[in-house]
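Have the fold open as you read.

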Amino acid sequence: MARRERRLTKRERKAVHASATTLDDRVRAFAAESGIPDERIYLGGSDGRPKMSEVLTEWAAPILDNQRGNLIEFKNAVKFATVLWNMATMSRDPAEVVANQLLEAALTAGVPYSADMHAILVDLVASRRDVYGEDSRVVIDTEVLQGEREYRLEVAASYLSPPA
């Protein structure tokens, strides 16, 4: 009987993840510890589909556009948009329910939100499903780089199921 290697502890997994300096390194480390095969990880475009960074930037514009000018706030908005994209991709609940779940989690973490934010989240979940319904990618990690005049977003994604 083959001997199984011991699993890394949470602290060891965090150390491996933290030691990876580039997006590619971080994604490969995460994939290895999560059991995601390399062929299911996409950095850049794939199979004639637009790059996930372009999709996320276009789709999350209502959240991201207001945060331009402050790199830290923009990075946080990208993380928030990523969580919303992944929830809308994986959950089959109605858009209203997904928005409520995300706002409850935000409140638990102490993140304030405006009354308008709920309506924006419902619209984003609905548009995720209507406009990007065929796209089964989930975001694994993101990196925001500051260019001369604009932020550049790099996204690593994986398909929930192999693309058709």
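Start at helix α7, which runs over residues 115-131. Its 17 residues reach 25 Å from the first C-alpha to the last, close to the 24 Å expected at 1.5 Å a residue (the expected span being 1.5 Å times one less than the number of residues). Helices here are DSSP runs of H or I with at least four residues, strands are runs of E with at least two, and both are numbered from the N terminus. Keep in mind that this is a predicted model, where local features need pLDDT of at least 70, side-chain atom pairs count only at pLDDT 80 or more, and totals for chains, interfaces and linings use all residues. Residues are numbered from 1 along each chain as its sequence is written, and side-chain values use heavy atoms, with hydrogens and water left out.

Now look at which way α7 faces. Its buried residues are H118, L121, V122, L124, V125 and R128, where buried means under 20% relative accessible area, exposed over 50%, and partly exposed in between, with a 1.4 Å probe and protein chains only.

What do the buried residues of α7 pack against? Their partners are α3 (52-59), α4 (61-64), α5 (71-90), α6 (95-108) and β2 (137-146), with contact meaning heavy atoms within 4.5 Å.

Next, the charges. The structure holds four salt bridges, each a side-chain nitrogen of Lys or Arg within 4 Å of a carboxyl oxygen of Asp or Glu. One of them brings R68 and E150 together, with their closest N and O atoms 2.5 Å apart. R68 lies in the loop between α4 and α5 while E150 is in the loop between β2 and β3 (151-159), so this pair ties together parts that are 82 residues apart in sequence. R68 also meets D65, at 3.5 Å from N to O. Partly exposed describes D65 at 43%, R68 at 31% and E150 at 44%.

Another salt bridge links E154 to R152, with 3.3 Å between the closest N and O atoms. E154 is partly exposed at 25% relative accessibility, and R152 is partly exposed at 49%. As for shared partners, salt bridges join D65, R68 and E150 into one network.
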